[in-house]
Amino acid sequence: MDYRVTLIPGDGIGPEVTNAAKVVAAATGVSIDWEVVEAGEKAIRARGTPLPDEVLASVRKNRVALKGPITTPIGSGFRSVNVALRQELDLFASVRPARAIAGEGTRFPETDLVVVREATEGLYSGVEHWVDRDHSAAETIAVITRRASDRVLRFAFELARREHRRRVTGVHKANIMKTTGGLFQTAFREMAVKYPDLDADERLIDNMCMQLVKRPTEYDVIVTTNLFGDILSDLCAGLAGGLGVAPGALYGDDLAVFEPVHGSAPKYAGQDKANPVAEILCVELLLRHLGEKDAADRIYHAVWETIAEKKVVTYDLALPGYTQRPVPPSSCSAMAREIARKVPIVDLSKPLLVPGAAAASAEDRPLEG
Ligand code: NAD
């Protein structure tokens, strides 16, 4: 079957890692017709806007997209394209699995959890202004609604059931932010009652951070509001081996956009140096979403084997701490070619090579549906 998928290469390292992901996707034999549309800096230069209408139209038409990271100017300049895309397309659930991918790259090789983040409102609603003319005071308003809270909470509990996970932890700051945090907390408690087969508990965001760096393996599915989810998913990416290996997905009612947790890393742009694994694992999640389980499993196994062998890995995986003996770093494209070479030949019945790897294989635990 042929699939038509929107491809947004993005900024900085985006074009390199999305190219790498395409090479690996092609190796699966699944026929994907990529419809390339530009957003971000290239779109500003060509079209005068960072998010042209054709980008939104393409995702709405194809219903599935692979996206590279997009730069957002810090402190001033245009509004985040990433935030705008989520709001325009109503991509309300940002799902970021944190699976430790190689023994020595993390203190917690058993880490295997998922952060589900509400992605359309909260402190990222875009309601902010200067209070006075001197710009000596400013306000950013957090908008939390019952509707958006309910749908992301339902999504998280359903995901936990589908992936045979046991526990859902709701994260908020309802002790201080009694209205917005309190609303999310109440919605969490009422949703948890509907899923008696799952353990449900709550953490304040500050305590959650401390718990995660001490005992990440005790957590399973974490569901939270926009800003807390943004921070926690980078923290969890660090636990699982770093930004270079952390994929993500955004879901709406009938749309899905797959993008890595990392940003455009401008200092590495054009150097063929960035780790392509996060974007490649986005293709794995995308194929799983399309029902192409065999192809998705092949990518997952090929990535694990490539990282475990430590022969063809990018600079971040070649550093001491990731490997006991440093290895010469390979380029982004070389690592992608190595993963692609393995895709058709990996033995899916073989256990993954990494000792201490998360217990469940991709086959036992479908990541997304
Ligand atoms: P970043 O994730 O781009 O980079 C932080 C550091 O992580 C890099 O300097 C690099 O050392 C490392 N890194 C990230 N990705 C890597 C990879 N694939 N391989 C190897 N190392 C990697 O974060 P930042 O510097 O805070 O942000 C840069 C830009 O990206 C900003 O404009 C930010 O707004 C944007 N951003 C976009 C998204 C998105 O598109 N979803 C997400 C986060 C940040």
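A residue counts as near a molecule when one of its heavy atoms lies within 4 Å of that molecule. The model shown here is predicted, so local features need pLDDT of at least 70 and side-chain atom pairs count only at pLDDT 80 or more, while totals for chains, interfaces and linings use all residues. Residues are numbered from 1 along each chain as its sequence is written, and side-chain values use heavy atoms, with hydrogens and water left out.

**View 1. Who sits around the ligand.** The ligand has 22 residues around it, and Ile70, Thr72, Gly263, Ala265 and Asn275 come nearest. Sorted by class, this shell holds ten nonpolar, seven polar and five charged residues. Here Ala, Val, Leu, Ile, Met, Phe, Trp, Tyr, Cys and Pro count as nonpolar, Asp, Glu, Lys and Arg as charged, and the others, Gly among them, as polar.

View 2. Look for pairs of N or O atoms within 3.5 Å, the cut-off for a polar contact. A backbone N or O atom of Ile70 is 2.8 Å from a ligand oxygen atom. For Thr72, a polar backbone atom lies 2.8 Å from an oxygen atom of the ligand. On its own the ligand would expose 810 Å², and the protein buries 72% of that (accessible areas come from the Shrake-Rupley method with a 1.4 Å probe).

View 3. Helix 4 (81-88) and helix 11 (315-318) are the elements giving two or more residues to the shell around the ligand; helices are DSSP runs of H or I with at least four residues, strands are E runs of at least two, and both are numbered from the N terminus.

**View 4. Two loop residues with positive phi.** Arg63, in the loop between helix 3 (53-62) and strand 3 (64-67), has a phi near 70°, positive although the residue is not glycine. Ala265 belongs to the loop between strand 12 (256-258) and helix 9 (277-289), and its phi is near 30°, again a positive value in a non-glycine residue. Arg63 is partly exposed because its relative accessibility is 43% (the class between buried, under 20%, and exposed, over 50%, with a 1.4 Å probe and protein chains only). Ala265, at 28%, counts as partly exposed.

Definitions and conventions: Polar contact = N/O pair within 3.5 Å; in protein donor to acceptor, adjacent residues only side chain to side chain.
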